[in-house]
Amino acid sequence: MYLALILCLLKFVSANTNEVFFQTKYFDAPLDHFNFRTTNTFKLRYLINDTYWKPHDGAPIFFYTGNEGDIEMFANNTGFVWETAPQFHALIVFAEHRYYGESLPFGNLSFTDPKYSGYLSSQQALADYVSLIKYLKDSYNVPLNHNPVIAFGGSYGGMLSAWMRMKYPSIIQGALASSAPIWQFTGMVPCDAFNRVTSSAYTTESVQCAVSIKKSWGYFDQLGSSDDGLKWLTDAFKLCSPLKEVKTLKDWLNDIYVNLAMTNYPYPTDFLTTLPANPVKALCKHLKDSNVKREELLNNLFSGISIYFNGTGSEKCLDLNKSDDGNLGTLGWDFQSCTEMVMPMCDSGTTDMFEKSIWNIKEVSDDCFKRFKVRPDPELAELEYGGKKIHWATNIIFSNGLLDPWSSGGVLKDMSSTAKAVIIPESAHHLDLRFSNKADPVSIHRARKLYKKTFLAWIKQHKEQRSN
């Protein structure tokens, strides 16, 4: 009977050949942490494993600050936490971000009107995490300051980890913020920086590959100007439905090039979709010569991008409307991009492999109002979290891979004696947080070794502060 109960409670997830175990639980989180007009709550999902934890010995809590998607996906792809926790006798918690996964405060109504969606913000999410930590410590009957909490996060989750340490230093002892673009905002980095780094992932692999991609945009426009050309593209790219305007295909390709650069891992993965090892290299092997004729270049390009949309070989056609973001919450992130997470993007058309484009905040604002009835505040993130003036920050590791497009907005230099930048030249998007793999570069092994050493220092510091 007890074994059956345990099996019912304990959820099993497989990440490649790696296995993790957790219980799925729900916490009554306040709907609004910042006023006293309402006491409404909603169910915030979190995943927990206390197998290794020694709470009364002062062992740490490893707390993953969930980002823009289903929390199980992040638990499944953050192997470093699972591999490191036993060594530290740590409690493992993966907290889901409000308005993502199952943590929808108003269910299907959550994004229908600002009166429902307006409670979605990073500030509210951080307050959720603080409340959850306090609740968990109460549940295990340990004082609030007894066990150090180390925050983990990748990408937006990494931004949250860093910001949580900055805003709640009495709750968070330290943070590992991997691939966290906390400076990808207005006035902090050039708007074309992101696509310059994306392009470098391709030029590093093959200059001819990047040149071929750059040439393809003009070829698409040429063919897209006639019905015969659109039909040729429909057939050549095996589209599920006839192509009506070439912009649809070009926009899809733009996203795919970014996703391939982000997930350019040295071993096969299925994070966003099923991909081979070194997917940028796998694509570029089809684009070795940029001087071939138009139709041949585009046919070669289709062969290359097939690794992304048809990695399993089971797709009969390319559906441009199919979401390739797995369990990521694109609707929630689109809303946040229309409020606080306003990250300017543009292309110079000369220093990267993309077409020239401009950042027009008015057009963005009008589109946001049309979709969500809200308008963006481009300066909110800087005002709320300090922008580049964070030399007072402590106990944060900002790690960035130079193959990762989001490193363009990452912290690439030390901010203080304990807010340190770790640069991993061979790494794509938060590779350091993934499960260890024999194909990992030496720089990843060194980074993880440094992380563990730093955790020990943070834990020692917490113990000394607690005894004073």
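## Strands, cores and aromatic pairs in a predicted model

Strand 3 and strand 5 (residues 91-95) pair in the antiparallel sense over four bridges, where strands are runs of E in DSSP of at least two residues, helices are runs of H or I of at least four, and both are numbered from the N terminus. Two strands count as paired if DSSP finds at least two bridges between them. This is a predicted model, in which local features need pLDDT of at least 70 and side-chain atom pairs count only at pLDDT 80 or more, while totals for chains, interfaces and linings use all residues. Residues are numbered from 1 along each chain as its sequence is written, and side-chain values use heavy atoms, with hydrogens and water left out.

**The strands around strand 3**

How many of the nine residues of strand 3 are buried? Seven of them are, and the strand is described as mostly covered; buried means under 20% relative accessible area, exposed means over 50%, and partly exposed lies in between, with a 1.4 Å probe and protein chains only.

**Two nonpolar cores**

A nonpolar core is a set of buried Ala, Val, Leu, Ile, Met, Phe, Trp, Tyr and Cys residues joined through side-chain atoms within 4.5 Å. The largest one holds 79 residues, and those that touch the most other members are Tyr202, Phe220, Phe237, Tyr257, Leu283, Ile305 and Phe455. A second, separate core has 64 residues, including Phe42, Leu120, Phe335 and Cys338. With contact taken as heavy atoms within 4.5 Å, Phe455 meets Phe62, Phe80, Phe88, Ile150, Phe152 and Leu176, once its neighbours within four places in sequence are left aside.

Ile305 belongs to the largest core and is also among the buried residues of helix 12, together with others including Leu297, Leu301 and Tyr308. Helix 12 (residues 294-309) has 16 residues and reaches 22 Å from its first C-alpha to its last, close to the 22 Å expected at 1.5 Å a residue, the expected span being 1.5 Å times one less than the number of residues.

**Aromatic pairs**

Rings of Phe, Tyr and Trp (its six-membered ring) pair if their centres lie within 6.5 Å, and planes under 30 degrees apart count as stacked, over 60 as edge-to-face and the rest as tilted. A search of the whole structure finds 31 such pairs, and the table sets out two of them.

| Pair | Ring centres | Angle of planes | Kind |
|---|---|---|---|
| Tyr64 and Phe94 | 5.0 Å | 20 degrees | stacked |
| Phe80 and Tyr451 | 5.8 Å | 75 degrees | edge-to-face |

Tyr64 lies in strand 4 (residues 61-65) and Phe94 in strand 5, so their pair ties together parts that are 30 residues apart in sequence. Tyr64 is buried at 2% relative accessible area, and Phe94 is buried at 0%. The pair of Phe80, in helix 3 (residues 79-88), and Tyr451, in helix 16 (residues 442-467), links distant parts of the chain, 371 residues apart. Phe80 and Tyr451 are also members of a cluster that ring pairs form with Phe62, Phe88, Phe152, Phe455 and Trp458.

**Residues in loops and at a helix end**

Ile171, in the loop between helix 6 (156-167) and strand 7 (174-178), is buried, with a relative accessible area of 11%. Not counting residues up to four places away in sequence, Ile171 touches Val130, Ile133, Leu144 and Val149.

Ser337, in helix 13 (residues 330-337), counts as partly exposed at 22% relative accessibility. The C-alpha atoms of Ser337 and Cys368 are separated by 8.6 Å, although these residues are 31 residues apart along the chain.

Most residues other than glycine have a negative phi. Ser155, however, has a positive phi near 65 degrees and is found in the loop between strand 6 (149-154) and helix 6. Lys373 likewise has a positive phi, near 65 degrees, and lies in the loop between helix 14 (361-372) and helix 15 (380-385).
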